[in-house]
Amino acid sequence: MLDYRLLEALALVVREQGFEKAAETMHLTQSAVSQRIKQLEEQAGQVLVRRTSPPEPTRAGREMLRHYNQVKLLENDLQTTVGLGRDSGPVSLPVAVNADSLDTWFLDAVGPFMRREKVVLDLRVDDQEQTQRMLRDGEVVGCVSVEPRPMQGCRALHLGGMRYRLLASPEFMAEWFPEGLDEKHAEKAPLLTYNRKDNLQVNLLRQAIGVYPEKAPIFYLPSTDGFTRAILSGLGYGSVPDQHSAPHLASGAMVDAAPGCNVDVQLYWHSWNIRSDILERFSADLTDNAAKYLEGQIP
């Protein structure tokens, strides 16, 4: 039989991205946490977590994590159903979401559920192309992703679309693109990019001018709010979702650098396909409320 004290140690080492932080969370010594992981690996007969920085679960470790988090989710259901743990505080749900969703519509969509159900979220943030990895690895119970197809053992529901446009300040356009966006000036103009996994600028520029300027100076800025502020300050141009840019376009603080060009990113909610009342209610609330903030059509 599995020892859930040992599984908890594995889950926290992965979640906290290190043995030292996991030990602080568990109020144990780092040596004690390492011993628990070692004991679990001895029981499993194989390595469960690679001692990298941060630690990474092996395939067997991911299966252990998925099992542990599913059991925790079912325990939360049981507590709610039979009234156990009324004084233990809100239930915590680990969920992965992309930064643009978090900074625009996501909290508005899940807020009513969190207040009604006394739930808190353990949010993990990454690109919408990467969040599904956390679900696969068993780190979260659900994620917002661009992938329409569910993984084995999971289900996927369409949330809606976020439309991105290539935006700049009027001053930036006057300085770098006095005759409008073109390939010649795009080779020299500072281009804002969220991180090295961000392909939105590539797709928008290929739409607008037919090519992506490989020699363009890239300003990497992994912050949605910082991204917008940088554009407003004339530090570069880049893609912004309509949910974030609408007031700035209306005021004239931002302009569309490539009129008629846009990228619609369709978002999906992926979650484990297990019979969990709290997960099913969360999923239903999220999908219903997301429709108020996102484009609803499926491509």
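Setting aside neighbours within four places in sequence, Phe106 is in contact (heavy atoms within 4.5 Å) with Val95, Val97, Ser101, Leu121, Leu123, Val144 and Leu286. The model is a predicted one, in which local features need pLDDT of at least 70 and side-chain atom pairs count only at pLDDT 80 or more, while totals for chains, interfaces and linings use all residues. Residues are numbered from 1 along each chain as its sequence is written, and side-chain values use heavy atoms, with hydrogens and water left out.

Phe106 also belongs to the largest nonpolar core, which has 54 residues. A nonpolar core is a set of buried Ala, Val, Leu, Ile, Met, Phe, Trp, Tyr and Cys residues joined through side-chain atoms within 4.5 Å; buried means under 20% relative accessible area, with exposed over 50% and partly exposed in between (1.4 Å probe, protein chains only). The members touching the most others are Trp105, Phe106, Leu159, Tyr237, Phe282 and Leu286. Strand S6 gives the most to this core, with six residues. A second, separate core of 21 residues includes Leu12, Val14, Val33 and Tyr68. In soluble globular proteins, nonpolar side chains tend to be buried together.

Strand S5 (residues 142–145) comes next. Strands (E, at least two residues) and helices (H or I, at least four) are DSSP runs, numbered from the N terminus. Gly142 and Val144 point one way from S5, Cys143 and Ser145 point the other way, and all are buried. Two strands pair if DSSP finds at least two bridges between them. S5 pairs with strand S3 (residues 91–97) in the parallel sense over two bridges, and Cys143 is the bridge partner of Ala96. With S11, S5 pairs in the antiparallel sense over four bridges; here Val144 stands opposite Trp269.

Val91 lies in S3 and counts as buried because its relative accessibility is 13%. Leaving aside neighbours within four places in sequence, Val91 is in contact with Asn76, Lys118, Val119, Val120 and Ile278. Val91 and Ile278 are 187 residues apart along the chain, and their C-alpha atoms are separated by 9.5 Å.

Helix H10 (residues 200–209) has Leu200, Gln201, Val202, Leu204, Leu205 and Ile209 buried. Their cover includes strand S6 (154–168), helix H9 (183–186) and helix H11 (224–232), among other elements. After H10 comes Gly210, with a positive phi near 90°.

Finally, the protein is divided into domain 1 (1–88) and domain 2 (162–264), with bounds from an automatic or database domain assignment. Taken over C-alpha atoms, the centres of domain 1 and domain 2 are separated by 43 Å.
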